[in-house]
Amino acid sequence: MKSKTWNEKFMQGVFFTAACTSVLAVALICIFLFANGIPAMKEIGFIKFITGQRWKPGNDIYGILPMIVGSLYVTAGAVIVGVPIGILTSVFMAMYCPKKIYKPLKAAIELLAGIPSVVYGFFGLVVLVPRVRELGRALKMIGLARSSGNGNSILTASLLLGIMILPTIVGVTESAIRAVPAQYYEGALALGATHERSIFKVIIPAAKSGVVAGVVLGIGRAIGETMAVIMVAGNQARMPAGIMKGVRTLTANIVIEMGYAADLHREALIATGVVLFVFILLINFSVALIKRRGEREQ
Amino acid sequence: MRMKKFIAILSAVGMLAAGITGCGGSDASDVSDTSGDTQSEWDSSNDITIVSREEGSGTRGAFIELFGIEEEQDGEKVDMTTEEAQITNSTSVMMTTVAQDEYAIGYVSLGSLGDTVKAVKIDGAQATAENVKSGTYKVSRPFNIATKEDLDNEVAKDFMNFILSEEGQAVITDNNYIALEDVKPFEGTSPSGKAVVGGSSSVSPVMEKLIEAYKGVNANAEIELQTTDSTTGMTSTIDGSYDIGMASRELKNTELSAGLKPTVIATDGIAVIVNKSSTVDELSSDQVKSIYTGDALTWDEVVE
């Protein structure tokens, strides 16, 4: 009897240590980021760092506004591409899908989530970039655009990221739709609404908080994506100049220059990481807020 | 019922829109077909796609210095590369981009030049190792290795002697890099032990060949190669995890004051590359400069 309680206590300790590991990891990352990033921000000047429009590490000019705006543009583009497709897909999967199609469809979406981002990037570089380049040249030829761009653009990055965030949005949205009690749907039908009307007027509003959480998680994935974006976005460190022109995101800025950076340049890149981290914190915070509000409503 | 009608109308509109964009798509492909015809003639009125390496890259540093894209302003050197230039941090993305885009221009290390792209002559000189050596092709940079001043690893010392010997420099020449002059035959002491070499991914391919050749003369030693980047190579050498660091750029003052001693082991040419279907075969350094500083936006502003 006595040994059993000892065993249980011991195992409890093991589980507790396991649980601590992830918390410890987050805490260490926070400490590392802020300890290395904040001094650089101070040295450059916080306002100058955040609102500076020029990034010339060779001359100690560090302004990351182009990258902040770039990240926001690309993410917004991904939302425009990915959210309608994602939500409609999950409505189809939860409410319309015949059993025969469901399994392969679900498997395909799960596979989409498992493809490494560098593979997405290569797909974008070889397939999307030439298409967008042709589109740009065609637009220039018929006089709709002044400059054709070269295919590595906000548009390409948005299309690619739109595909990449689909699994996140579909997964969360579908389970949110399924979590709506069956009585809602049946009640709507009993009141004389059609299948479509019950879905779009009753079920989706009821699953609203889950849908929004899915979209916000998708945004988180889009803003943090690095490898795929580097390969298709062109990475020019200047204010975005148009949808057919290239852009550099916060993540790309860090990865591209880390290899050769030294001294203040390196610290400025870590400070870029701090800004990115704050963005991600805000996104996670809003997901938690949405979830809590959703729970209160139910 | 109204909902159903609404959806029917919506889908009809959707189909119509799809039809129109479908037509639009075929229009676009028609246009690109005609531009495909002119591609064989290579229409020089198109925008130049400028591809550059990232800030701080050894290749970029050498490129802007040699073409005068770097300008002195108020006693400070300013990189004048146009902000419209597409930036990549890898040689393979650079090659793929230039190989795919008929109107692109970029630059890579002479040693990694492949046949998917075309190297242009600069001021009349072909980009070859011989021309770099004779000085007619002027776009080149040093490959450095660095050690701590008080290096006490016998294997590392012996390996460095090998690199700087006749045998080691022969390996460098075989790999299309430019060897040092006035080298003596190798007199190894064949020490046994282990050494770690690491750093720049530009230097790493030739270092791999050097290690292979060194194993032929000294089977006792074990040399480990880690491919990272110039900065990691230098910092890891300072903190002692590498015995020899590799850098494809000059060492920074902070690195020198931390006790690193650089040694030039070879010279690398930088080839300016364009798409294979491009009619441009030769550029002057002023033309390259005007492209990279953003003065020339389309090809017909540079060549006739």
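Helices here are DSSP runs of H or I with at least four residues, strands are E runs of at least two, and both are numbered from the N terminus. What you have open is a predicted model, where local features need pLDDT of at least 70, side-chain atom pairs count only at pLDDT 80 or more, and totals for chains, interfaces and linings use all residues. Residues are numbered from 1 along each chain as its sequence is written, with chains lettered from A and ligands numbered from 1 in the order in which they are written.

Stop 1: Select N235(A), which sits in the loop between α11 (227-233) and α12 of chain A. Its phi is positive, about 60°, although this residue is not a glycine. Most residues other than glycine have a negative phi. N235(A) counts as buried because it has 28 C-beta neighbours inside 10 Å; the cut-off for buried is 20 or more other C-beta atoms within 10 Å, exposed means 12 or fewer, partly exposed is in between, and C-beta atoms are placed from the backbone.

**Stop 2: another one in chain B.** Jump to D123(B), in the loop between β7 (121-122) and α4 (129-134) of chain B. D123(B) is not a glycine, yet has a positive phi of about 50°. With 15 other C-beta atoms within 10 Å, D123(B) is partly exposed.

Stop 3: Of the 304 residues in chain B, 41% are buried.

**Stop 4: where the chains meet.** Now show residues in contact, meaning C-beta atoms, placed from the backbone, within 7 Å. Chain A brings 34 residues and chain B brings 33. On the chain A side, the elements giving two or more residues are α5 (117-141), α9 (195-206), α12 (250-258) and α13 (263-297). α5(A) gives the most, 8 residues.

**Stop 5: the cores.** A nonpolar core is a set of buried Ala, Val, Leu, Ile, Met, Phe, Trp, Tyr and Cys residues joined through C-beta atoms within 7 Å. The largest has 125 residues, and those touching the most other members are L160(A), L161(A), V229(A), V232(A), F159(B), A195(B) and A271(B). A second, separate core has 18 residues, including M41(A), F49(A), M258(A) and A261(A).

Definitions and conventions: Contact = placed C-beta atoms within 7 Å.
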